Amino acid sequence: MGHVASQPLNQSLCWLLSRANHVLATKMTAALEELGLPPRHHQVLVTALGGEYTQIELARIVGLDKTTMVVTVDELEAQGLAERRPSKTDRRARIIAVTKTGQRRVLEANDVVARVHEEILETLPARERDVFLDALAKLVEGPLGEPVPCTQPVRRRAPRAAVRQ
């Protein structure tokens, strides 16, 4: 019987990105808990502040399915952080607008997010931080920009510890 050559996990791009995403998501979730704002809510609010987007447009930009987006906007509305408003350019469309309360919460959350990012990135030498972020951005804007169709669709799952009932 011959040995099957195996690649150590610390050399597997898929495993490294998955592991980094999972641990960073749990750190971010824990850090934002003090504000009662899950990372998904923060991402939607930050994006909505960047322009007049419909729910469908926001879902596409943030990377959420339509059902999750509806639930998220419902939750943001219930907390007074965002609201659905008629579009100025298309009377049939409704945009997601961030309220004044939502804007204040985003500013608070941005400080928390920046702190977590700094804690993570400070483990890299300063000269490597921008290189790392630029390289990751190029991957996400290029070959890792959009999921491809496959027979067994891959679901984006929330880490078990972060799932709320």
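Which residue caps the N-terminal end of α4? Select Asp65: one of its side-chain oxygens lies 3.1 Å from the backbone nitrogen of Thr67. That is a polar contact (a pair of N or O atoms within 3.5 Å; within protein, one must be able to donate a hydrogen and the other to accept it, and residues adjacent in sequence count only if both atoms are side-chain atoms).

Before moving on, note that this is a predicted model, in which local features need pLDDT of at least 70, side-chain atom pairs count only at pLDDT 80 or more, and totals for chains, interfaces and linings use all residues. Residues are numbered from 1 along each chain as its sequence is written, and side-chain values use heavy atoms, with hydrogens and water left out.

**Whole chain.** Show the cartoon. The protein has six helices and two strands, in the order α-α-α-α-β-β-α-α from the N terminus. Helices (H or I, at least four residues) and strands (E, at least two) are DSSP runs, numbered from the N terminus. Of the 165 residues, 25% are buried. Buried means under 20% relative accessible area, exposed over 50%, and partly exposed in between (1.4 Å probe, protein chains only).

**Helix α4.** Select residues 66-78. α4 has 13 residues and reaches 18 Å from first C-alpha to last, close to the 18 Å expected at 1.5 Å a residue. The expected span is 1.5 Å times one less than the number of residues. Now color Met69, Thr72, Val73 and Leu76, which are buried. They cover an arc of only 95 degrees around the axis, so they sit on the same side of α4. The arc is that of the directions from the helix axis to the C-beta atoms. Turn to the face away from the buried side: the exposed residues Thr67 and Ala78 are there.

**Thr72.** Zoom in on Thr72. Its relative accessible area is 0%. Leaving out residues up to four places away in sequence, Thr72 touches Arg40, His41, Val44 and Leu64. Contact means heavy atoms within 4.5 Å.

**Past the helix.** Step to Gly80, which follows α4 and has a positive phi, near 75 degrees.

**The strands.** Select β1 and β2. They pair in the antiparallel sense over five bridges; pairing requires that DSSP finds at least two bridges between two strands. Finish on β2: four of its five residues are buried.
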